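Q: Could you walk me through this one, starting with the salt bridges and then moving on to the strands and the surface?

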Amino acid sequence: MMRIALLIILMCFPALAAAQNAATLVADRVELNGQDQLIASGNIEVLFEGSRLTASQIIFDQPSDTLRIVGPIFIQSSDGTVLTADSATLDPRLENGILQGARIVLDQQLQLAANQIDRREGRFSQLYKTAATSCRVCGTRPPLWEIRAERVIHDAQEQQIYFRNATFRVRGVPVFWLPRMRLPDPALARSTGLLVPAQRNTTQLGFGLKLPYFITLGDHRDITVTPYLAQETTTLELRYRQAFATGRITVEGAVSDDTLVSANRSYLFADGRFDLSDNYQLIFDLETVSDRAYLLDYDYADKDRLDSAIKLLKVTDTSLYEARLTYYQTLRDDETNASLPPLIADLTYEASHAPAFGGLLRYGTRIDLAYRTSDTDGDVGRDVGSMGASGTWTESWQLPYGLVADARMGLRADLYFVDDDSAFAQEDLRVAPDAGLTLRWPLARLGSGGASHLLEPVVSLSWSDSYGGTPPNEDSLRTELDRGNLTATSRFAGEDRVETGMQAAAGLTWTRFGARGLTSTLSFGRVFRENAQDGFTATSGLDGRRSDWLVAGQVTAPGGFLLDARSLWDDNAGLTVADSRVAWRNDWVSLGANYIWLGPDADENRSETISEWTVDAAFVLSNAWTFELDGRYDVAADRAVRGGVGLEWQNECVTVNVSASRRFTSSSTVDPTTTFGISGSIGSFSTGGSATGCGN
């Protein structure tokens with residue numbers, strides 16, 4: 001074999017020199033005949049501007065300025081397109097000509113086989129008597145799906161494929177015929193056109209079909225319009241997206257005319273995020289709906305409260321600035337918007353500083369507002385505003401014998417303004433100092449078999465108090481004892497309540513690190529107070545002078561397994577709270593299961609025990625089959641709340657999803673509903689698959 005740079009050819013054929021522009025030819029033999037022809041043969045390879053061509057023989061005819069190529073021909077362009085043919089007649093730049101017995105593979109996904117391909121201007125490829133598919137072709141067996149067309153035009157510049165007189169076939173059987181059809185090149189990320197329809201059948205709305213149509217609005221915007229036609233509804237769904245240089249927005253919504261209610265129904269969700277100057281971020285979302293049941297009836301969302309918010313945020317290594325305005329809309333039957341409160345505004349600034357004398361100093365200010373539209377005196381109409389400042393100093397020391405000491409001192413002051421509630425002063429100042437010391441003694445031991453153990457007892461002593469008035473409690477209504485707040489000076493969830501007096505906490509944590517990656521943790525703890533605290537409910541685990549016993553554990557294992565559990569035990573009543581979570585995620589299983597048990601608590605408007613399971617799981621049965629399961633079961637009432645199953649089949653060219661779900665709950669605005677659905681996608685023109693093989 002000899003390598004001949006095209007310089008040799010250019011010396012003989014100047015016309016070819018202008019055409020080839022520094023191409024490289026590799027061949028076993030190159031010869032010139034007396035008819036102004038250059039003949040290359042044997043293991044030919046041509047490299048030109050990122051493209052590669054291989055063939056058994058190439059004849060360059062100078063008078064006609066054409067290349068006659070004898071196959072088998074293999075051409076791979078710079079964009080990844082692969083073209084094979086038995087023979088071809090092309091111009092020197094491979095942009096115009098005819099290929100016989102040819103096949104094009106686009107983006108390693110879609111293949112188009114034709115008796116003949118005409119190439120024009122390096123942009124258009126016209127195929128005759130074409131078969132197109134993204135499925136693996138196995139021998140003489142027809143592929144799972146294919147499109148047979150009398151003529152196909154591939155526009156490489158616009159990345160579009162145009163079919164004429166096309167028939168869609170499944171395993172060789174014609175299913176439907178279209179005189180004209182346009183599909184995007186699989187390498188094209190976005191293209192205007194009809195998306196794959198989805199079928200949805202519910203007991204409330206009947207049999208229905210969704211026909212999404214995607215419209216590009218330039219490089220940075222698009223909109224999806226989806227008519228949803230069913231026996232009991234006519235619905236139009238919309239989704240708009242736009243990307244900016246510094247952010248993006250998404251808007252989703254729908255308008256429905258159905259037989260479930262007399263008026264038109266609608267919803268609108270929007271969200272966006274923008275990066276502003278000086279590291280500020282603008283974040284917003286909008287959520288609104290025409291009636292309480294609409295989102296559940298159409299399975300758009302399962303939220304029972306909507307929140308619309310706008311936030312200005314700046315975060316640095318040592319500071320946080322946040323300004324936020326939120327509007328709430330309730331969808332619960334036992335709530336009204338006027339009493340939520342519906343409008344919440346807050347302005348927060350926090351910073352940290354390492355002083356010269358040691359430790360870490362954190363300080364900040366805040367302004368809050370909770371506004372109700374009602375003017376009724378009391379909880380229903382109360383408006384509350386507050387402004388305050390706080391500072392906290394913390395330090396940690398390593399003591400002899402491995403002891404670790406953590407100290408904290410803090411002070412906060414808040415001025416409250418109250419309107420439409422005569423039970424509270426209109427203006428009230430509260431000052432709350434606190435101090436605490438925590439001692440930990442981590443003890444480690446290496447066990448047999450390579451396992452290691454860590455035993456860590458912890459004790460804390462703290463004091464806090466509140467001077468001044470007692471403001472309304474807007475943000476500390478639900479608090480529970482857990483591992484995170486066992487040694488805190490105040491365990492209320494918000495700022496409106498502060499624990500007062502002396503208190504101590506004691507806990508013990510044992511952790512085992514297995515040699516093979518299994519890690520298990522078991523924790524115990526309890527809080528002891530000088531005085532009982534108001535504001536904690538019976539099932540919070542924090543009412544009375546002594547808290548409930550906290551018992552918590554966690555197990556993690558290789559392969560993505562996690563078990564996490566927590567429980568609270570009262571000396572007299574026994575178990576008051578229990579919750580657990582199981583998660584297992586790997587290449588074949590994705591499992592998430594949660595269990596919660598809550599005893600009756602009048603302060604939390606719970607007259608009966610709550611005991612519920614929720615499960616969300618997916619199991620990969622094989623390379624082609626995936627089974628999905630989700631559900632929620634009320635153990636205390638011995639009834640199902642909701643349940644659903646789904647089955648997905650996927651190979652290299654087709655994905656099919658079949659699902660069924662049932663919502664068993666009912667109220668004055670929502671009825672039980674069963675939903676069946678089927679959807680799918682075709683590889684190369686939508687989301688592709690990964691399973692391969694002729695046996696699928």
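What follows is a short exchange about salt bridges, strand pairing and a surface patch.

Q: Before we start, what are we looking at?
A: This is a predicted model, in which local features need pLDDT of at least 70, side-chain atom pairs count only at pLDDT 80 or more, and totals for chains, interfaces and linings use all residues. Residues are numbered from 1 along each chain as its sequence is written, and side-chain values use heavy atoms, with hydrogens and water left out.

Q: OK, how many salt bridges does the count come to?
A: The count comes to 41 salt bridges, where a salt bridge is a side-chain nitrogen of Lys or Arg within 4 Å of a carboxyl oxygen of Asp or Glu.

Q: Which residue forms a salt bridge with Arg265?
A: Its partner is Asp291, and the closest N and O atoms are 2.8 Å apart. Arg265 lies in strand E21 (residues 265-275) and Asp291 in the loop between strand E22 (280-289) and helix H3 (294-297), so the pair ties together parts that are 26 residues apart in sequence; strands (E, at least two residues) and helices (H or I, at least four) are DSSP runs numbered from the N terminus.

Q: And is Arg265 buried or exposed?
A: Arg265 counts as buried because its relative accessibility is 1%, whereas Asp291, at 22%, counts as partly exposed. Buried means under 20% relative accessible area, exposed over 50% and partly exposed in between, with a 1.4 Å probe and protein chains only.

Q: Which residues are linked in a network of salt bridges?
A: The network links Arg366, Asp368, Arg412, Asp414, Arg430 and Glu495. Within it, the side chains of Arg412 and Glu495 meet at 3.3 Å, N to O.

Q: Switching to strands, what does E11 pair with?
A: Strand E11 (residues 145-155) runs antiparallel to strand E10 (residues 124-133), joined by 8 bridges, and E11 also pairs with strand E12 (residues 160-170) in the antiparallel sense over 10 bridges. Two strands pair if DSSP finds at least two bridges between them.

Q: Where does His154 sit in that?
A: His154 in E11 stands opposite Ser125, and in E12 the bridge partner of His154 is Ile161.

Q: Last topic, which residues make the nonpolar surface patch?
A: Tyr401, Trp441, Leu443, Leu455, Leu508, Trp510, Leu522 and Phe524 make a patch of about 760 Å². Patches are made of residues with over 30% relative accessible area and no salt bridge, joining like charges within 9 Å and nonpolar side chains (Val, Leu, Ile, Met, Phe, Trp, Tyr) within 5 Å; accessible areas come from the Shrake-Rupley method with a 1.4 Å probe, and for residues only the protein chains shown count as cover.
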